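Subject: Structure handover

Hello,

Please find the structure below. My notes on what was found in it follow.

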Amino acid sequence: TGMRRKLAAGNWKMNGTSAALGELDMLATSHPAPGVDILVCPPATLVSAAVRTVDNRSIRIGGQDCHSETNGAHTGDISAAMLRDAGATAVILGHSERRASHHETSEDVRAKARSAQKAGLMTVICLGESLLQRQATNTLDIIGAQLSLSVPDSSNGQNLVIAYEPIWAIGSGMTPTPDQIGEVHDFMRDRLEQRFGSGVGRSVRLLYGGSVKAANAAEIFGISNVDGALVGGASLTAADFGPIIAAL
Ligand code: PEP
């Protein structure tokens, strides 16, 4: 664990107009030298302004999705190269909301991730089972399939972060038990070591996501192979996100 720098990542989803940049400024001001990595992923409309707001301070800015192609006839989409050009250094891919409402498959996610890594972005690839899947099947089979299909061969410890986000825990206030989180994270670590070798496999950061808040952050960060969190609702204000970062 010592080799992996902790990471607190915020996913603003479809929230925030220019007024929200004040929260980002406050966050940067209150965490001048955090000792952990902080990533904030605002909506695409705010990426350039967010990059200017953090102004090379301790927070990196990312997108929430990108297209697999660099440019072309894809109305409404943005490419990894465009995010990079706007100053983003990371991108969330395969979030369950995009898998559900935009019908993204793990193969789609892998194509996007390949393109994003080629453009120099760190990819935060999201995986997770539904409640029905957890009840009806072996969760590790679901996670194993999503992991192998969504992660491109071009991955390494610098350009790949995995976020385990059980769908039933997102925005619900429900979280898995520490044993349930640990089981999935240990499994993902094994799979990554098998596929990429132990050096690379051990250097990939594994985040937990789903109803992380200040009150449960410390317990979650104490679980084996949990290297940080992907945070939705509680990342929107400096007052909520700050204490989560401090718990890392
Ligand atoms: C998410 O959607 O990535 C997430 C973790 O959301 P929340 O923290 O609001 O559950």
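A term needed throughout comes first: two residues are in contact, or touch, if their C-beta atoms, placed from the backbone, lie within 7 Å. The model is predicted, so local features need pLDDT of at least 70 and side-chain atom pairs count only at pLDDT 80 or more, while totals for chains, interfaces and linings use all residues. Residues are numbered from 1 along each chain as its sequence is written.

Overall picture

The protein chain contains eleven helices and eight strands. Both are DSSP runs numbered from the N terminus: helices are H or I with at least four residues, strands are E with at least two. Along the principal axes, the C-alpha atoms of the protein chain fill a box of roughly 45 × 45 × 35 Å. Buried residues account for 46% of the 248 residues. A residue is buried if 20 or more other C-beta atoms lie within 10 Å of its own, exposed if 12 or fewer, and partly exposed in between, with C-beta atoms placed from the backbone. Of the contacts between residues at least 6 apart in sequence, 73% join residues at least 24 apart.

Active site

The "active site" annotation in the unreviewed UniProt entry covers His-95 and Glu-165. They are spread over 71 residues of sequence, yet they cluster in space, with a largest C-alpha distance of 8.4 Å. UniProt positions are given in the numbering used here, feature names are shortened, and annotations may be inferred rather than shown by experiment.

His-95 sits in the loop between strand 4 (90-93) and helix 4 (96-101). It is buried because 28 other C-beta atoms lie within 10 Å. Not counting residues up to four places away in sequence, His-95 touches Gln-64 and Cys-126.

Glu-165 belongs to the loop between strand 6 (160-164) and helix 8 (178-196). Glu-165 counts as buried because it has 26 C-beta neighbours inside 10 Å. Leaving aside neighbours within four places in sequence, its contacts include Cys-126, Ile-170 and Leu-230.

Binding site

The "binding site" annotation of the unreviewed UniProt entry covers Asn-11, Trp-12, Lys-13, Gly-171, Ser-211, Gly-232 and Gly-233. These residues are spread over 223 residues of sequence but cluster in space, the largest C-alpha distance being 14.1 Å.

Trp-12 is in the loop between strand 1 (7-11) and helix 1 (21-30). With 21 C-beta neighbours inside 10 Å, this residue is buried. Gly-232 lies in the loop between strand 8 (228-231) and helix 11 (238-247). Apart from neighbours within four places in sequence, Gly-232 is in contact with Asn-11, Lys-13, Ile-170 and Gly-171.

A loop elsewhere

Gly-87 is found in the loop between helix 3 (80-85) and strand 4. Gly-87 counts as partly exposed because it has 16 C-beta neighbours inside 10 Å. Its C-alpha atom is separated by 36 Å from that of Pro-178, 91 residues apart along the chain. Not counting residues up to four places away in sequence, Gly-87 touches Val-47, Ser-48, Val-51 and Ile-61.

Regards
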